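My notes follow in the order I looked things up.

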Amino acid sequence: MNLNAANVSALVRLSLTRPREAAGRLLSMNVPDDARWLGFVIVVVLSVLIGQVSVLLMGEEGFQGSMLFMAMFQTSILLGMVVAVQGIGRALGGGGTFPDTLLLVAWLQFVMLVFQLVQIVSLLIVPAVFGMITIVALVFFMWMLTNFIMALHGFTSPVKVFVGIIFSFFAMATVLAILLGMMGFAPGGV
């Protein structure tokens, strides 16, 4: 597939309407590993830049740390997602590989950047719909993630995959909270 604006736009639309088919199409492209990593790095950079624009447009201060810190933070979050999707899926009998998971997570993040751009435009034109766009983006994120995991690992039950995502999220959040607490990062007292 040639990566021109029309093909990328069509794949974004397919990801929103028939995400399992979009994931299958992405996986069948046999993208070289170097290109998968490059795509991953590009979406991290775009995420940081678009995130900074969003924060500034909302009238808040920009990132408290450096842009490099935010890029490292975003990279950690997305790589953690890749490892979790691949590792948990494989532990539950799935057949997805790390490179395929990397490709799908990078693409998912790219599609979510489209929502971020829509949010920025809404801040400039109709700020009242910003919250609604955020909710819609979250729904589409969960819809696409569920279907991408099904395509990646060969699972057949969207309900089981969705429940697995929710439980995995809470389990990882609990472990992270415990680790941060052990390192001395606890919420401030009243």
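I started with burial: buried residues make up 36% of the 190 residues in the chain. Buried here means under 20% relative accessible area, exposed means over 50%, and partly exposed lies in between, using a 1.4 Å probe and protein chains only. A reminder to myself: this is a predicted model, where local features need pLDDT of at least 70 and side-chain atom pairs count only at pLDDT 80 or more, while totals for chains, interfaces and linings use all residues. Residues are numbered from 1 along each chain as its sequence is written, and side-chain values use heavy atoms, with hydrogens and water left out.

**Overall layout**

I counted up the elements next and got seven helices and zero strands. Helices (H or I, at least four residues) and strands (E, at least two) are DSSP runs, numbered from the N terminus. The radius of gyration of the chain is 18 Å, close to the 16 Å that the globule rule gives for 190 residues, so the chain is as compact as a globular protein of that length. That radius is taken over C-alpha atoms, and the rule is 2.2 Å times the number of residues to the power 0.38. Along its principal axes, the C-alpha trace spans about 50 × 45 × 30 Å.

I also checked the contacts, meaning heavy atoms within 4.5 Å. Of those in the chain with a separation of 6 or more, 66% are between residues 24 or more positions apart.

**Helices against α6**

How do α1 and α6 pack? Helix α1 (residues 5–17) packs on α6 at an angle of about 90 degrees, with the axes 8 Å apart. That makes α1 roughly perpendicular to α6. For the wording, angles under 35 degrees count as roughly parallel, over 145 as roughly antiparallel, 65 to 115 as roughly perpendicular and the rest as oblique. Axes are lines fitted to C-alpha atoms, for helices over the stretch in contact, and angles run from 0 to 180 degrees between N-to-C directions. I see Ser15, Leu16 and Thr17 of α1 meeting Phe140, Trp143, Met144 and Phe148 of α6.

On to α2 (residues 19–28): its axis comes within 8 Å of that of α6, and the two cross at roughly 50 degrees. That makes α2 oblique to α6. On the α2 side I noted Pro19, Arg20, Ala23, Gly24 and Leu27, which meet α6 residues including Trp143, Met144 and Phe148.

For α4 (residues 67–91) and α6 (residues 130–153), the axes come within 11 Å and cross at roughly 50 degrees. That makes α4 oblique to α6 as well. Met81, Val85, Gln86, Gly89 and Arg90 of α4 make the contact with Phe141, Leu145, Ile149, Leu152 and His153 of α6.

Is Gln74 buried or exposed? Gln74, which I found in helix α4, counts as buried at 19% relative accessibility. Leaving out residues up to four places away in sequence, Gln74 touches Val44, Ser47, Val48 and Gln109.

I followed that list to Ser47, in helix α3 (residues 33–57). Ser47 has 7% relative accessibility and counts as buried. With the sequence neighbours up to four places away left out again, Ser47 touches Gln74, Gln109 and Leu113.
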